[in-house]
Amino acid sequence: MSRSFIHKRRTLAVAAGALAVGLLGWTAAGAAKPFKIGVLMPMSGGGASYGVPAVDGVKLAIQEINAAGGVNGAPVEFVVRDSKLKPSVAVAAAKELITKEGVDVLLGAISSGVTLAISEVAKQEHVVLFAPVAKTTKLTSDKLHKYVFQGSANSDVEASAIAKVTKKIGARKICATGFDYAYSHDLFAALKRALPKGVKISNSFLVKLGTTDYNALTSQLIASDCDTVVGVIWGGGFISFIKQATPFGLFKKKKFIWGAEVGSTEMAGKLGANFPNGMWANAYDLWYYNPTPQIKAYHKALAKLEGTRETNMWPITTYIGVKFLAAAANKAGSSNADALVTALEGLTIDTPFGARTLDAKTHRANTGELWGSFGVLKGKSPRMNSITYVD
Amino acid sequence: MLTNPVFLSIQVLNALALSMNLFIIASGLTLIFGVLRIINFAHGAFFMLGAYALLTVLQWFGETEAAFWSGVLFAGVVLAALAFVTERFLLRHLYDREHLLQLVFTFALILIIEDGAKLFWGTSQHSVSYPPSLAGAVDLGIIQYPAYLLFLSAVGPVVAIVLWLVFSRSRWGRVVRAARLDREMLGALGTNVRSVYALVFVVGAMLAGMGGALAAPRVAVGPGMDATVIINSFIIVIIGGLGSLWGSFVGSLTLGFVIVFGTVFLSEWEIVLVYVMMAAVLMVRPWGLFGRPMQGRD
């Protein structure tokens, strides 16, 4: 509704007095209308362990924004729909959020497949979509359109961080391993380009997505002459791999660098003392990493909201997403989608992790990740040491 | 890579562990077929339920030694109870019906169990740790090998020998063999054939359930784990000869080695390779390696 009005105002030269009065009246009414964010996250089943904390980030950001006076004088609200990690479910939910709930913007989802699907809805419906988690570079390359913005660290960023670590630990020959699908392919292609001179990928062992039997992979890694393993197997697969490979003594034989955010507190907590000592891994956020007062304040606020000091990693991604959207709405002075796009392009905001900018052309944020090596002390949950923020 | 002794020995041991794990499951399938003449499609679902049963016990009591082994037993008990009820109230009415109906019935069981499992345990994948006593590695000279997998490799032959002894030496085994050859005559001689059938079905399901529980730490527990297992078990039983215990044993070993070495050397062809092997065996011996040509009992 609002879009078509403004469109007319822009295109029709006839600015009749009556229409002008009507528009003014609408604008005044719009000031009180809340800025509504439609959140798509897996809230049940396998993805809930990602989706539920991600919504905490939304809550926290909105609390802070509303405490500071909201957006354009109106409060920010959000509505959550369960994407169930299924593209079809998420697409239906996204359409419902737009048409029935009348949300101004969309924020979501978790997996790359689901995010690409709802990105199509955003494109058709002309609604801004902020993707805080999905890492596929496709979202903002082949499939880039006006209304999609990517807040996650994409696979190019991750590859360059891994390349820096290989240099640091003196790797020469690398075994690459991951699930045989887009993310791993993108990442290792980018890694090949990013590796310093003298370091090469000597073997690549890709396994079927969702594999549960890692014994063959383990024997291949043991028998291979590489000195370092770079892996991006994630989720339950990572846990199975670690548990199965440990008795083979694999983690004592080679150096390990692992992407896909397996360094998160939730992952490390699940593995406990089984987490390989000395493994380099990444995470978006770690509750025990508090180098600046800003990060400290963020963790404190999140801990209050979640009721635990050991907060997890996903909230920061959506927290920053909501902050971007609200800042854009303030800058645009409206919640009109096209105005929001213009405001988001090139927008820089202040986050707990310093300034973040959404590139005007690529629609990607310059998001980095925390990297460090893991130290496992008996009886304590494993922690990342000598943490550096790499972007 | 074949010349690398480290790699070769690990792969051989991996193949053994996989084979013997598969054998425990396939032996139950072949037993049920041998006696009841029913192809139990739901055997894979029984296997999955066994793994979930262990998982549940571990979630209740923590991943301790005692919890693990009682979890394995619990898996056997749960599956035995389920099989008993299924046989008593449903399957029993289908023995004299056509094969298609029996197939449809066991297929329906799969759908019910799969969706029930999703409802009850969710859709995520769970990882189960090795029991503490077998969590370490055994030093075999040139390699270290997980103790649990060696244990798994040893369980298979033990199960095979126990089953063989029971069938060839005990009175009960004789009754079962008789039930397999001529059900009507056995009934006429005063044996309660129905209870023999029920017992065989229960034992077969227990083997699937405990096989699933023992497989849990080797892989991971989650939806879909039944599908791969049932296909592999069928291939084993078909190669080995329907109803033959030692046939399944040899079939398991063959399949285990083809899968493990196929995954490494011909990863894109691994799936095809298994079927090519099966086709080759069936061309030479249509009744399987250890099977006998069907005599058309019905």
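A:H363 of chain A sits in the loop that joins β12 (354–357) to β13; helices (H or I, at least four residues) and strands (E, at least two) are DSSP runs, numbered from the N terminus. The model is predicted: local features need pLDDT of at least 70, side-chain atom pairs count only at pLDDT 80 or more, and totals for chains, interfaces and linings use all residues. Residues are numbered from 1 along each chain as its sequence is written, while chains are lettered from A and ligands numbered from 1 in the order in which they are written.

Although A:H363 is not a glycine, its phi is positive, about 65°. A:H363 counts as buried because it has 23 C-beta neighbours inside 10 Å. Here a residue is buried if 20 or more other C-beta atoms lie within 10 Å of its own, exposed if 12 or fewer, and partly exposed in between, with C-beta atoms placed from the backbone. A:H126 also has a positive phi without being glycine, near 55°, and lies in the loop between α5 and β4 (128–131) of chain A. With 15 C-beta neighbours inside 10 Å, A:H126 is therefore classed as partly exposed. Most residues other than glycine have a negative phi, and most peptide bonds are trans. A cis peptide bond runs from A:G108 to A:A109, with omega near -5°; A:A109 belongs to the loop between β3 (105–108) and α5 (112–125) of chain A.

Chain A is divided into domain 1 (2–25 + 33–153 + 314–360) and domain 2 (156–283 + 370–390), with bounds from an automatic or database domain assignment. Their C-alpha centres lie 33 Å apart. Seven residues of domain 1 of chain A are in contact with eight of domain 2 of chain A, contact meaning C-beta atoms, placed from the backbone, within 7 Å.

Helix α6 (residues 155–169) of chain A has 15 residues and spans 21 Å from first to last C-alpha, close to the expected 21 Å at 1.5 Å a residue; the expected span is 1.5 Å times one less than the number of residues. Its buried residues include A:V157, A:A161, A:I162 and A:V165. Just after α6(A), A:G170 takes a positive phi of about 70°.

An open sheet of seven strands in chain A has the order β7-β6-β8-β9-β10-β13-β14, with mixed pairing; two strands pair if DSSP finds at least two bridges between them. The edge strands, each pairing on one side only, are β7 (200–207) and β14 (383–390) of chain A. Strand β13 (residues 369–375) of chain A pairs with β14(A) in the antiparallel sense over six bridges, and A:G375 stands opposite A:R383 in β14(A). Two helices pack on the sheet, each touching β6, β7 and β8 of chain A. For the angles below, axes are lines fitted to C-alpha atoms, for helices over the stretch in contact, and angles run from 0 to 180 degrees between N-to-C directions.

| Helix of chain A | Residues | Angle with β7(A) |
|---|---|---|
| α7 | residues 182–194 | about 180° |
| α8 | residues 215–223 | about 170° |

The contact between chains takes 17 residues from chain A and 25 residues from chain B. On the side of chain A that touches chain B, α8 and α9 (235–245) of chain A each supply at least two residues, and the largest share, six residues, comes from α8(A).
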